[in-house]
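Here is a note for a colleague who is about to go through this model.

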Amino acid sequence: MNTVKAVLAAMMLACASYPISACTENATPDPEPEKDNEAIEFAMSLGVGWNLGNNLDAHLDGEAVETGWGNGKATQKTFDALKAAGFSSVRIPVTWMGHIGKAPEYHIEKAWLDRVAEVAGYAKKAGLKCIINIHHDGFGAETDPAKKQNHWLDLAAAAKDETVNKAIMQKLTMVWMQIANRFVNEDEWLIFEVLNEIQDGKWGSGDNLTDGGAQYRTLNEWNQLCVDVIRATGGKNQTRYIGLPGYVCQPGLTIQHFELPYDETPNRLMVSVHLYDPWDYAGSGKYSEWGHTGTDVVPDNGGEREYIATLKNLSNRFLAAGVPVYVGEYGSVHRATAKAEEFRKYYLEYTCKALREYRMPVLYWDNGNRGTGAESFGIIDHSTGKFIGNGEEIARTMVNAWNSDDPEYTLLSIWKRAPRK
């Protein structure tokens, strides 16, 4: 058992007999600097955002297919509805495999690039900042050798064989060059996120722990390459904001192993992490409650304290050095009972408010799943923009937690209102 987690769990159990201040002493961030730099200010303008998940990133038989995982095609209505709901930004995950030609040119299919540009244009027209990326081209949990080959960003293979790494980097160069050139004249509403959750398929518990840092070094090398390629295309890409992932976008591994690329343009790089902590509550739905009042909670998880500790560590590592952090994916799955939904709303409210306090914008992961339990993150219909179930209440909870400047509305006040039996 993780010793730190065990200590945090014991502290949370003791909270019942502590004064409220003792249970929330770490809920207030360290004093803010006199003035954030322009990069952190820009990141803050992303506010609460939303992911068009499982659309342009969906894929079947090695080819990205927008409707392949059950969502309808995105429309302008979708993005107008997001703006009306109070969201400030949108992340459009994009998988490119199946639409990339052969070496050495690696031409991206025009129709696919056009569709990506069209959907990004919906965000622009709606007045939303927009992030586009390379998403499932990176090898994730795929283990079938016949399917794995389609995920051409194979970090594990590249870390073991420099010849493989050079070939991947050549392809990565050509793909990002084409994407960057397509959007070279777009203003700061558009952000490039170079990669997503790059790993060896074991979600941070694989060979990365035993290979002497080879995978971490390779990912840092890829991040540097992408920055160089994007900047080299000139135009407005010379100053475009670029999002960069740490290993599997996991906060702890990012803090430990991420290296910020060199960039001739100062204050234009941002670090991307994902926060579904703890996964067995937020993502799989195995446990129905979270926080200091919950009983059906993930064992050895410190709830609010552990979440705050993660944000503080990210802040100390990056924001203290003037480097913004944004949470590119975040959420909690829909539950089947009213009580469990109350805990879900509490989780989303508390954590969203905490992220605002620590000056980290956050984008909710919406995969369109209308069910309950594991992976059921849907709150808005991806083609109509209409709310799904209690999606309007969930959206309002997050937007208010981020935007409210009411001095009486604090982490402590949210903590005091946590669901009870």
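1. Basis of the note. This is a predicted model, in which local features need pLDDT of at least 70 and side-chain atom pairs count only at pLDDT 80 or more, while totals for chains, interfaces and linings use all residues. Residues are numbered from 1 along each chain as its sequence is written, and side-chain values use heavy atoms, with hydrogens and water left out.

2. Confidence. The average pLDDT of the chain (the predictor's confidence in each residue, from 0 to 100) is 92, and 89% of the residues score at least 70. Over residues 1-26, however, pLDDT stays under 50, and for this stretch the model has 30 contacts (heavy atoms within 4.5 Å) beyond four places in sequence.

3. Helix α5. Helices (H or I, at least four residues) and strands (E, at least two) are DSSP runs, numbered from the N terminus. The 17 residues of α5, residues 110-126, should span 24 Å at 1.5 Å a residue, and the end C-alpha atoms are 24 Å apart, which agrees; the expected span is 1.5 Å times one less than the number of residues. Buried residues (under 20% relative accessible area, with exposed over 50% and partly exposed in between, for a 1.4 Å probe and protein chains only) include W112, L113, R115 and Y122 in this helix. Among the elements that cover the buried residues of α5 are β1 (48-52), α4 (76-84), β5 (129-133) and α8 (162-182). Just after α5, G127 takes a positive phi of about 85°.

4. Nonpolar cores. A nonpolar core is a set of buried Ala, Val, Leu, Ile, Met, Phe, Trp, Tyr and Cys residues joined through side-chain atoms within 4.5 Å. The largest has 112 residues, of which F79 and I92 touch the most other members, and α5 gives the most to this core, with nine residues. Leaving aside residues up to four places away in sequence, F79 touches L52, A74, V90, I92, V119, Y122, A123, A126 and L128. Apart from this core lies another, of ten residues, among them F42, Y241, M270 and Y326.

5. Strands around β7. From strand β7 (residues 242-245), I242 and L244 point one way and G243 and P245 the other way, and all are buried. Strands pair if DSSP finds at least two bridges between them. On this basis β7 runs parallel to β6 (residues 190-193), joined by two bridges, with E193 opposite G243. Four bridges join β7 to β8 (residues 269-275), again in parallel, and V271 in β8 is the bridge partner of L244. Together with helix α10 (residues 251-257), β7 and β8 make a right-handed β-α-β unit; right-handed here means that, with the strands pointing away from the viewer, the path from the first strand over the helix to the second runs clockwise.

6. Backbone details to inspect. The peptide bond from A103 to P104 is cis, with omega near 0°, and P104 lies in the loop between β4 and α5. Y106, placed in the loop between β4 and α5, has a positive phi of about 50° although it is not a glycine, and counts as buried at 13% relative accessibility. A cis peptide bond also joins D277 and P278, where omega is about -10°; P278 is found in the loop between β8 and α11 (279-282). R359, in the loop between α13 (338-357) and β10 (362-366), is a residue other than glycine with a positive phi near 60°, and R359 is buried, with a relative accessible area of 7%.
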